[in-house]
Structure formats: structure tokens, C-alpha cells
Amino acid sequence: MLIAFLLFVILGAIVTTAPGALLGYGCVAASGSMSLAARIGLLLFMAGASAATWLTLPGISHMWRPAAAILSFAATAASGALFLTIDTYKRRAPRPPHPAWQAHTPH
């Protein structure tokens, strides 16, 4: 009985965090041309919206709604922050120098 309960809790955590993680990635991917402050604000707004969605879903027991909302918010914010950090690093990465004259290539 305890093993079944633990499997139920683990499966519930996976079902709760997976959409939030995808939403965080999608938010960062879609906001590529915005400033960093706007992207962070949008990410936090989306994390709050995903948490609010779990609070209003009719199929979840009232006891599990706060836990689902917290897990969804954390997964969205963490996934978005991770991909935002990676994207920011890629944008600031040094680029190899280009020769002044493209036709000249040293041997």
C-alpha cells in the first residue's frame, strides 16, 4: 500500500512538472527578441499562470492543489531560468574574428 502511494505521488509530480518545464522553455524560445528584463517578467507571469491553472482544475483533490501549483510554478521558473541562462550565454559568447578581406585565406 505504501509503495502504491509513493508511485502515485511520483507519477503526480511528473505529470505536474512536465507541462511547466515545457512552458518555461517555450516562453524563453518565443521571447527571443525581447530585452532581458521583459523576458524575465514574461517568464514569471507564465509561471504564475501555470500555477493558477493547477489551482482551478476540477479533477484535482483540494488537498493536492497547493502542492501541484507550487510544483508547476517551480518547474516553469526553473526551466525558463535554465534556458534563459543558456540563451544569454550563447548571445554573449565571443565570436571568432573574421578576416578583413574574405578572399584572402592564409595557407
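Phe8 is exposed, because its relative accessible area of 51% is over 50%. This value, like the others in this report, comes from a predicted model. Trp64 has a relative accessibility of 32% and therefore counts as partly exposed.

The chain has 2 aromatic pairs. In one of them, the ring centres of Phe8 and Trp64 lie 6.4 Å apart, and the ring planes stand at 80°, so this pair is edge-to-face. Phe8 belongs to helix H1, while Trp64 sits in the loop between H2 and helix H3 (65-92), so the pair ties together parts of the chain that are 56 residues apart in sequence.

## Tyr25 and Phe83

Another aromatic pair is formed by Tyr25 and Phe83.

## The overall fold

The protein chain contains 3 helices and 0 strands. Along the sequence this gives the pattern α-α-α.

Of the 107 residues in the protein chain, 22% are buried. Among the contacts with a separation of 6 or more, 63% are between residues 24 or more positions apart.

## Helix H1 against helix H2

Helix H1 covers residues 2-30 and helix H2 covers residues 36-56. Their axes come within 10 Å and cross at roughly 155°. An angle over 145 degrees counts as roughly antiparallel, and H1 and H2 are therefore roughly antiparallel to each other. The crossing of H1 past H2 is right-handed.

On the H1 side, the residues that meet H2 are Val15, Thr16, Leu23, Gly24, Cys27 and Val28. On the H2 side they are Arg39, Leu42, Leu43, Met46, Ser50 and Trp54. Sorted by class, the contact of H1 with H2 has 8 nonpolar, 3 polar and 1 charged residues.

## Helix H1 against helix H3

H1 and H3 pack with their axes 7 Å apart, at an angle of about 35°. H1 passes H3 in a crossing that is right-handed.

H1 contributes residues including Ala13, Thr17, Gly20, Ala21 and Tyr25 to this contact. From H3 come residues including Ala68, Leu71, Ser72, Ala75, Gly80 and Phe83. By class, the contact of H1 with H3 has 10 nonpolar and 8 polar residues, and no charged residues.

## Helix H2 against helix H3

The axes of H2 and H3 come within 8 Å and cross at roughly 160°. H2 and H3 are therefore roughly antiparallel to each other. H2 passes H3 in a right-handed crossing.

The contact of H2 with H3 includes 16 nonpolar, 6 polar and 4 charged residues.

Notes. Residues are numbered from 1 along each chain as its sequence is written. This is a predicted model: local features need pLDDT of at least 70, side-chain atom pairs count only at pLDDT 80 or more; totals for chains, interfaces and linings use all residues. Side-chain values use heavy atoms; hydrogens and water are left out. Axes are lines fitted to C-alpha atoms, for helices over the stretch in contact, and angles run from 0 to 180 degrees between N-to-C directions. Helices (H or I, at least four residues) and strands (E, at least two) are DSSP runs, numbered from the N terminus. Angles under 35 degrees count as roughly parallel, over 145 as roughly antiparallel, 65 to 115 as roughly perpendicular and the rest as oblique. A crossing is left-handed if the near helix is turned anticlockwise from the far one by less than a right angle, and right-handed if clockwise. Contact means heavy atoms within 4.5 Å. Ala, Val, Leu, Ile, Met, Phe, Trp, Tyr, Cys and Pro count as nonpolar, Asp, Glu, Lys and Arg as charged, and the others, Gly among them, as polar. Rings of Phe, Tyr and Trp (its six-membered ring) pair if their centres lie within 6.5 Å; planes under 30 degrees apart count as stacked, over 60 as edge-to-face and the rest as tilted. Buried means under 20% relative accessible area, exposed over 50%, partly exposed in between (1.4 Å probe, protein chains only).
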